[in-house]
Amino acid sequence: MIRYSTDPEQLARVAADLFAELARQQVATGGCCAVVLAGGETPRRTYQLLAQEPWRSSIPWDRLQFFWGDERCVPANDPRSNQLMARTALLDRLALTSEQLHPIRSDLPAGLAAEAYQTELQRFFGNKPPRFDLVLLGLGDDGHTASLLPGSAVLAEQVRWTAVTRRPEEPFDRVTLTAPLINQAKRILFLVAGAAKAAVLRHLLEADEPPYPARLIRPVDGELHWLVDREAAALLKRSIAAVPGDGLC
Ligand code: 6PG
């Protein structure tokens with residue numbers, strides 16, 4: 001399902017509304033909601049809105065558990081940190097307990113951080129299937145998502161839930177959830193805004209090539225929602241009402 005917004009601000013509002021609705025539904029039926037937060041810039045405004053009214057008081061925050069889709073192995077106070085972005089925009093503005101936060105240990109060497117995250121995930125899910133209730137993802141203009149980067153070995157990972165990757169041009173490693181784990185989720189929301197994403201979005205939604213990493217994101221039996229703004233959707237051939245459920249927001 002694709003939800004079209006006119007601009008990044010409206011996309012953030014649509015995403016905040018959907019996050020709140022899905023979190024309430026999940027808590028009402030399941031008692032709690034395990035959320036995977038996306039990094040990068042696109043979700044920042046959504047996180048900021050969620051910390052404000054009317055969204056803030058509409059969500060049972062004490063029943064939510066927060067994980068990250070990926071992290072850059074930089075100090076926790078580094079502006080490139082995904083954890084710092086989410087804490088600044090949302091988490092530190094809420095009365096959450098430390099038990100609700102499951103950050104990737106970017107203070108550790110990447111291999112140890114990935115191991116520690118895998119261990120934390122196994123502890124959290126215990127004997128239950130490793131199924132996140134709500135996963136937020138961004139999309140890079142090279143077709144990556146989380147830190148499932150083009151050409152990286154993690155794209156072939158079918159067993160482990162976490163892995164180490166690295167962009168050649170970056171002076172730091174990354175730790176990421178793997179596609180098989182993400183695909184177990186009940187609901188996956190891609191947030192995509194801006195003209196720079198138009199070409200990759202058209203290929204992803206309306207062509208079979210190139211083999212972008214984001215193509216690996218196919219929920220096993222969950223829902224996949226695309227929240228896009230006008231600029232990102234500019235090259236899509238499908239009209240807004242072409243597919244049931246698609247719509248202008
Ligand atoms: C990261 C993110 C990454 C991000 C995309 C889109 O750590 O880089 O997890 O997957 O979501 O690169 O980033 P923007 O939202 O900044 O365009």
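This is a predicted model: local features need pLDDT of at least 70, side-chain atom pairs count only at pLDDT 80 or more; totals for chains, interfaces and linings use all residues.
What kinds of residue make up the shell around the ligand? Two are nonpolar, eight are polar and five are charged. The residues around the ligand number 15. Of these, Thr42, Asp70, His144, Ala146 and Lys197 come nearest.

Which atom of the ligand faces the side chain of Asp70? An oxygen atom does, and a polar side-chain atom of Asp70 lies 2.7 Å from that oxygen. Asp70 is also one of the residues that come nearest to the ligand.

His144 is another of those nearest residues. An N or O atom in the His144 side chain is 2.7 Å from an oxygen atom of the ligand.

How much of the ligand does the protein bury? Taken alone, the ligand exposes 420 Å². The protein buries 86% of that area.

## Salt bridges

Side chains of opposite charge can pair when their charged atoms come close. How many salt bridges does a search of the whole structure find? The search finds 16.

One of the salt bridges joins the side chains of Arg87 and Asp92, at 3.2 Å from N to O. Are these two residues buried or exposed? Arg87 has a relative accessible area of 24%, so Arg87 is partly exposed. Asp92 has a relative accessible area of 52%. Exposed means over 50%, so Asp92 counts as exposed.

Glu115 and Arg160 also pair through their side chains. Their salt bridge spans 3.6 Å from N to O.

Notes: Residues are numbered from 1 along each chain as its sequence is written. Side-chain values use heavy atoms; hydrogens and water are left out. A residue is near a molecule or strand if one of its heavy atoms lies within 4 Å of it. A polar contact is a pair of N or O atoms within 3.5 Å; within protein, one must be able to donate a hydrogen and the other to accept it, and residues adjacent in sequence count only if both atoms are side-chain atoms. Accessible areas come from the Shrake-Rupley method with a 1.4 Å probe; for residues, only the protein chains shown count as cover. Ala, Val, Leu, Ile, Met, Phe, Trp, Tyr, Cys and Pro count as nonpolar, Asp, Glu, Lys and Arg as charged, and the others, Gly among them, as polar. A salt bridge is a side-chain nitrogen of Lys or Arg within 4 Å of a carboxyl oxygen of Asp or Glu. Buried means under 20% relative accessible area, exposed over 50%, partly exposed in between (1.4 Å probe, protein chains only).
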